[in-house]
Amino acid sequence: MKIPEQQESIMFTFRKQSILLCLILGIMCFFQSQSQAQVAITAVPFLQINNDARSMGMAGANVAMRGARSGIHLNPAAFGKPGKIEFTSQLNLSGNGDLFGTQWLPKYWSSNLNIYSPQFIVGFNNYSIAYQYTHFDLGKHYNANPTNPEPKDSFQSYENAHTLSAAYHLSPYVSVGMGLNFIRSSLGSGTVVSSYKVKDATRISLDLGVYADYPMQHNFFQLTPSFGWSITDIGRPVKYTANVNGDPMPIIMRGGIGLDIAVMEKKYGLEVLQVSGYLSLDKIMARSEPHITQNGDTTRKAMGPIEALFNSWDSYSLYTGSETVSVPLKDQLRRHSGLEITLLEYVSLRFGRYWEHEHNGNRKYNTYGFGINLKYLSIDYSKINTDVRYHALDQTSFFQFTAKVPFDDIEHWFN
């Protein structure tokens, strides 16, 4: 039966859009085929992008680092510095795309993809509060008939999230945190797929975190071991049309340790050397289960968030295209390691390593970066070097500035 021209145009547009979106989803989540238990692709994967230059210099290993601005979404218990107001913004100095933000996957999509995550943090003695706005611009897409290259109309695809977070210090050594994410995903609103209209998806997700450290002085050194744990984006599955079961939120559980070594000797009134190392593991908590449709067909349906938390600890079967393999729990864990070396409190050098199993995404890369830390301004830069040449993430770079204002200076200005 011949498909009507209008419907064919719509289907072609959605297929063209899906190629772009599926590639992004695959890069950001897993390059897996659909599995029998683990959900291969989650909704709104932009929430997994760590856009913080300092954190990415250490491959995102800093779930156990106090005062990390990336903690707003990485570990909401670990952000904020007492007595300071901080504002952070990313800058794109490549000459392609918007000035503010990060050019995402520059080797593949030129200036089409940009992510922007400005942050505002206020730190008090016993607690900190923060707001972050994340906007992922997927560019403009056009409706066109496969037999006629002239576009009929266009639509803008984007995803964004407003995040409100708070961290509270239970003691000088332990803090807890919570965040709420107000999410909107617009991936073709108004287009039609299989006679169902595509609509914007909105969700609210929850972040929870714990952080602990214990400073100890040993001879001329201060040693501070630390621990961090978080679970982010707890929320219901996301649906774009009325006839689908929905895709799960990218719920991620993280755990990590850190060790900070500071030389007590001072020069020019500044600490001579500080070395910090971090290790962390994370895992996507997503599973599907059999579901019988109204027509009697058996399909798979994403589990709800609570059910997925209890059912994501076993092995799952994965069809690779040529065979079905079992992926045990240890191969589902993603590994991060990072090192930061700070000289005279002003200059920092950073190095990191990220690793995934071949059946769990197969992304492997090194990161490096530097930071300049002044009283009122910090500048951070980092870059990704993948093990595989021509990988979409290769040469992705992050640059940002942070303006810092101590409370004492504000009082002085007004007195």
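The following legends describe close-up views of a predicted model of one protein chain.

**Figure 1. Confidence along the predicted chain.** The protein chain has an average pLDDT of 82, and 80% of its residues score at least 70. Residues 1-37 have a pLDDT below 50. Where pLDDT is low, the predicted coordinates should not be read in detail.

**Figure 2. The aromatic pair of Y354 and Y365.** A search of the whole structure gives 9 aromatic pairs. One of them, formed by Y354 and Y365, is stacked, with 4.9 Å from centre to centre and 15° between the planes. Y354 belongs to strand β22 (residues 347-355), while Y365 belongs to strand β23 (residues 364-373). The two residues are 11 residues apart, and their pair links distant parts of the chain. Both Y354 and Y365 are buried.

**Figure 3. A cluster of aromatic rings.** F124, Y127 and F407 are joined into a cluster by ring pairs.

**Figure 4. The salt bridge between E340 and R54.** Side chains of opposite charge can pair when their charged atoms come close. The count of salt bridges in the structure is 11. In the bridge between E340 and R54, the closest N and O atoms are 2.9 Å apart. E340 lies in strand β21 (residues 334-343) and R54 in helix α2 (residues 53-57), so this pair ties together parts that are 286 residues apart in sequence. E340 and R54 are both buried.

**Figure 5. The salt bridge between R66 and D213.** The side chains of R66 and D213 form a salt bridge with an N to O distance of 3.2 Å. Because R66 lies in the loop between α2 and α3 (71-74) and D213 in strand β10 (residues 201-213), the pair ties together parts that are 147 residues apart in sequence. D213 counts as buried, because its relative accessibility is 11% and the cut-off for buried is under 20%.

Figure 6. E356 and R363 form a salt bridge in which the closest N and O atoms are 2.7 Å apart. Both partners, E356 and R363, are buried. A network is also shown: R54, E340, R350 and D380 are joined by salt bridges that share partners.

How values were computed
Residues numbered from 1 in each chain as written. Heavy atoms only, no water. pLDDT = per-residue confidence, 0-100. Contact = heavy atoms within 4.5 Å. Phe/Tyr/Trp six-rings, centres within 6.5 Å; stacked < 30°, edge-to-face > 60°. Helix = DSSP H or I, 4+ residues; strand = E, 2+ residues; numbered from the N terminus. Buried < 20%, exposed > 50% of the residue type's maximum accessible area, 1.4 Å probe, protein only. Salt bridge = Lys/Arg side-chain N within 4 Å of Asp/Glu carboxyl O.
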